[in-house]
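My entries follow the order in which I looked things up.

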Amino acid sequence: MNAEAAMKKLLNTVLREDNQEGREQDCWEWNAGVLVYGILNAYERTHDDLYLDYITNWVERNSKERFYGSVNAVIPCCAALKLYQLTGEGKYKELCDIYADWAVNRSIKTANGGIAHVWSVGGLEDYKNQLWADSVFMAGIFLVAYAKYSKDDAMLHFALKQIKIHTDSLFDEENSLFYHGYHCNEKTHMGQHWGRGNGWVAATLITVMELLGRDVMDGEFQALFIRVMEKAYVCRSENQLLRTIIDFEESYEEATASMLFGYAADLGAKAGVLDGRFSKWSEDILKHLDFMDNGAVKYTSGGTDCFLEREPYLQIKFRQSSFADGITFMFLSRFVST
């Protein structure tokens with residue numbers, strides 16, 4: 001498969017959907033934010049202005065009515081940061097500053113100091129006590145990248161502390177995987193070893209290591225990253241894919257988890273953190289993906305709550321979504337020559 005051609009096909013689908021009413025990619029929130037982050041990955045690998053044009057137009061369109069007050073609304077700022085780096089325009093810096101300030105100073109914090117996984121300004125009451133694996137990706141990457149670019153040591157310290165609080169709380173030492181959630185008041189894990197959630201964390205850890213270099217690569221994050229990658233490698237199916245609950249063989253194979261780990265595997269191998277098995281695994285994942293006629297990847301599960309029991313995870317339906325398309329761009333971008 002030609003990854004660059006596959007990305008162009010998917011971009012054309014996204015552009016067509018931009019002309020439809022009620023499009024989910026037009027919302028300053030995590031679903032669309034992951035899509036734009038994936039397209040940002042495509043731009044950084046190809047330097048094709050088609051991707052940059054999409055990012056620019058999306059930010060201009062959606063920055064006027066922004067979702068605010070949730071950790072899920074931070075991820076779109078990765079696009080704003082790139083535009084600020086490219087243009088120096090203050091309006092993009094203002095967006096970065098608003099959401100960085102919210103995360104550091106205004107977000108609801110749990111009892112152990114983590115950013116609570118709330119979805120709205122008020123938040124559902126009990127979610128104010130919960131940490132989710134999703135949050136590491138939705139806020140961590142932007143905060144680290146912006147802190148590094150702006151040389152803000154206090155913000156960087158906060159961002160790394162947040163990743164540590166989340167990973168310490170969610171990690172299952174016995175199984176070397178992350179739980180979906182953690183209840184900070186009850187001090188109990190929530191949910192299962194959810195595939196996409198573990199993928200969010202794995203992709204974040206290697207991205208942060210790449211951003212900050214050897215000091216972070218040689219430390220705790222690297223050891224944690226290697227552990228979860230090795231565990232996922234052992235749990236892969238005969239098709240080289242991962243399941244929606246990674247270590248439960250009766251759960252279905254799921255493409256977003258597989259692609260996030262494929263992305264992390266290739267990045268990790270290229271950075272010298274992982275050995276050559278992982279580059280090969282990433283290639284094998286690509287070979288075993290199925291694509292729709294519109295360029296989207298099949299067998300991507302929909303949005304997933306942090307369920308207490310195993311069974312609800314197995315009932316989540318497959319559906320094409322903006323965040324799944326974003327993960328597809330992230331993954332395919334790793335196979336483009338730069």
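**Entry 1: the largest pocket.** I began with the lining of the largest pocket, whose residues I find divided into 10 nonpolar, three polar and six charged. I keep in mind throughout that this is a predicted model. For the pocket itself I noted a volume of about 520 Å³, and among the 19 residues that line the largest pocket I listed Tyr37, Asn41, Glu44, Thr207 and Leu211 as the closest to its centre. I then asked which elements give two or more residues to this lining. They are helix 2 (30–46), helix 4 (77–87), helix 6 (133–150), helix 8 and helix 11, and of the contributors it is helix 2 that gives the most, with five residues.

**Entry 2: the second largest pocket.** Next I turned to the second largest pocket, for which I wrote down a volume of about 170 Å³. Of the 12 residues lining it, those closest to the centre are Trp30, Trp132, Asp134, Gly303 and Thr304. By class, I recorded five nonpolar, four polar and three charged residues in the lining of this second largest pocket.

**Entry 3: the cavity.** How many cavities of 30 Å³ or more does the structure hold? I found one, and I noted the volume of the largest cavity as about 60 Å³. Its lining consists of Ile115, Ser135, Val136, Ala139, Gly140, Leu143, Ala159, Gln162, Ile163 and His166. Helix 6 and helix 7 (153–170) are the elements that give two or more residues to the lining of the largest cavity, and helix 6 gives the most, with five residues. When I sorted the residues of this cavity lining by class, I had six nonpolar, four polar and no charged.

**Entry 4: helix 8 against helix 11.** I noted the crossing in which helix 8 passes helix 11 as left-handed. On the helix 8 side the contact is made by Gly195, Arg196, Asn198, Gly199, Trp200, Ala202, Ala203, Ile206, Thr207 and Glu210, and on the helix 11 side by Thr256, Ala257, Leu260, Phe261, Tyr263, Ala264, Leu267 and Gly268. The residues of this contact divide into 10 nonpolar, six polar and two charged. I marked Thr207 in particular, as it belongs to this contact and is also one of the residues closest to the centre of the largest pocket.

**Entry 5: helix 4 against helix 6.** I then moved to helix 4 and helix 6, which pack at an angle of about 20° with their axes 9 Å apart, and are therefore roughly parallel to each other. Here too I wrote down a left-handed crossing, in which helix 4 passes helix 6.

**Entry 6: helix 4 against helix 5.** Last, I asked at what angle the axes of helix 4 and helix 5 cross. For helix 4 and helix 5 (residues 90–106) the axes come within 8 Å and cross at roughly 140°, which makes helix 4 oblique to helix 5. The crossing in which helix 4 passes helix 5 is left-handed. From helix 4, Cys77, Ala80, Leu81, Leu83, Tyr84 and Thr87 meet Tyr92, Lys93, Leu95, Cys96 and Tyr99 of helix 5, and I counted the classes of this contact as nine nonpolar, one polar and one charged.

Notes. Residues numbered from 1 in each chain as written. Predicted model: local features only at pLDDT ≥ 70, side-chain atom pairs only at ≥ 80, totals over all residues. Heavy atoms only, no water. Left-handed = near helix turned anticlockwise from the far one by under 90°. Helix = DSSP H or I, 4+ residues; strand = E, 2+ residues; numbered from the N terminus. Contact = heavy atoms within 4.5 Å. Nonpolar A, V, L, I, M, F, W, Y, C, P; charged D, E, K, R; others polar. 1 Å grid on protein atoms, 1.4 Å probe; cavity = no way out; pocket = protein on both sides within 12 Å on 5 of 7 lines; lining within 4 Å. Points joined across faces, edges and corners; volume = space filled by probe spheres on them. Axes fitted to C-alpha atoms, helices over the stretch in contact; angles between N-to-C directions. Parallel < 35°, antiparallel > 145°, perpendicular 65-115°, else oblique.
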